[in-house]
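Please load the model in your viewer, with the sequence panel open alongside it. The tour below goes from the whole chain to single side chains, and each stop says what to select and what is there.

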Amino acid sequence: QQTRVRIQSQSWQLIAEKLQADWSPEQISGWMALNGYEPVSHPVTNELGRDEWIYQFVLADKRAGGDLHTHLRCQKKRRKRYGSYDRRGKLPNRTSIAERPQIVAARQRLGDWEVDTILGKGSRQAIVTLTERKSRLALLQKVERRSADRVAQAILEQLKPFMDDAHTLTSDNGKEFAQHETIAAELKLDFYFAHPYASWERGANENMNGLVRQYLPKHSDFTNVSQAVLENIMQKLNHRPRKCLDFLSPFQVFFQQPVALQS
């Protein structure tokens, strides 16, 4: 039996207003959770998360002749995300982002991380990128191959120093994250997978990847990119004031550093 989604018309009107203001589905759902609005999806819905119900709302508006879809950042045609077709296959024992606690979407605490990989020229070397959702702190490490064991090792090396501030980790469905159970056990955190073709569900990491590309443009050869180079990039990104952090830096927010006032 299909779960009935109970959504008040006022909520949909508010969502439409935020979409027209160019907010992403993730930003809307996180903001609503943070400000105490009723959930967009029914709490027992397992397959579709809050963000996805907003996207379905946009699709319905588009079919009805509306223009909400024109406010989405990604205008590429999307494949069907739910069904048997997924070229990358299904990883065993994966836990869907739909089961992730709402506190993660709200960015109310430190310790909720997102992970991805950036490919170098010829898809040889790759860079594992980790982003903490609340502070936007970035961690980067190169791997010689984007294999599951190399990626798992990089994640563990980068996050083990921050185990006290590592509650969840969210990735896409790439096979390079096949060792998610090992990662979760080693770091004592919960590992979640975003819906296929729903990059906005990992918006912090996607945005961070774009910032990294300022220093390592697409089609860059990572052969001569050392960890020292990546440390320098991390230093710049983590100490740069961010508007979304009220112009504090990720370093200040993550390590809860006081603001230096000018005398």
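Predicted model: local features only at pLDDT ≥ 70, side-chain atom pairs only at ≥ 80, totals over all residues.

Residues are numbered from 1 along each chain as its sequence is written, and side-chain values use heavy atoms, with hydrogens and water left out.

Show the surface next: its accessible area is about 14200 Å², with 48% belonging to carbon and sulfur atoms, as computed by the Shrake-Rupley method with a 1.4 Å probe, where for residues only the protein chains shown count as cover. Among contacts (heavy atoms within 4.5 Å) between residues at least 6 apart in sequence, 63% join residues at least 24 apart.

**The strands**

Select β1 (112-119): seven of its eight residues are buried, so this strand is largely enclosed by the rest of the structure. Two strands count as paired if DSSP finds at least two bridges between them. β1 pairs with β4 in the parallel sense over three bridges, and Trp113 stands opposite Leu169 in β4. With β2, β1 pairs in the antiparallel sense over seven bridges, and the bridge partner of Thr117 is Val128 in β2. These two strands form a hairpin with six residues between them, and Gly122 in the turn has a positive phi of about 75°.

Move on to β3 (138-143), which six bridges join to β2 in an antiparallel arrangement; here Ile127 has Lys142 in β3 as its bridge partner. The β2-β3 hairpin has five residues between its strands, and Arg136 in the turn has a positive phi of about 65°. Which residues of β3 point one way, and which the other? Ala138, Leu140 and Lys142 point one way and Leu139, Gln141 and Val143 the other way, and all are buried. Because six of the six residues of β3 are buried, the strand is largely enclosed by the rest of the structure.

**Helix α5**

Now select residues 148-159, which form helix α5: its 12 residues reach 16 Å from the first C-alpha to the last, close to the 16 Å expected at 1.5 Å a residue, the expected span being 1.5 Å times one less than the number of residues. Ala148, Val151, Ala152, Ala154, Ile155, Leu156, Gln158 and Leu159 are buried in α5, and what covers the buried residues of this helix includes β1, β2, β3, β4, α6 and α8.

**Rings and charges**

Display the aromatic side chains: rings of Phe, Tyr and Trp (its six-membered ring) pair if their centres lie within 6.5 Å, and planes under 30 degrees apart count as stacked, over 60 as edge-to-face and the rest as tilted. By this rule the count comes to 10 aromatic pairs. Trp12 and Phe57 form a stacked pair, 4.4 Å centre to centre with 20° between the planes. That pair links distant parts of the chain, with Trp12 in helix α1 and Phe57 in helix α3, 45 residues apart. Elsewhere, Trp113, Phe162, Phe251, Phe254 and Phe255 form one aromatic cluster.

**Two loop residues**

Finish with Arg202, in the loop between β5 and α7, where this residue is buried with a relative accessible area of 4%. Leaving aside neighbours within four places in sequence, the contacts of Arg202 include Glu26, Glu114, Asp116 and Asp172. By contrast, His219, in the loop between α7 and α8, is exposed with a relative accessible area of 69%, and has a positive phi of about 70° although it is not a glycine.

Terms used: Helix = DSSP H or I, 4+ residues; strand = E, 2+ residues; numbered from the N terminus. Buried < 20%, exposed > 50% of the residue type's maximum accessible area, 1.4 Å probe, protein only.
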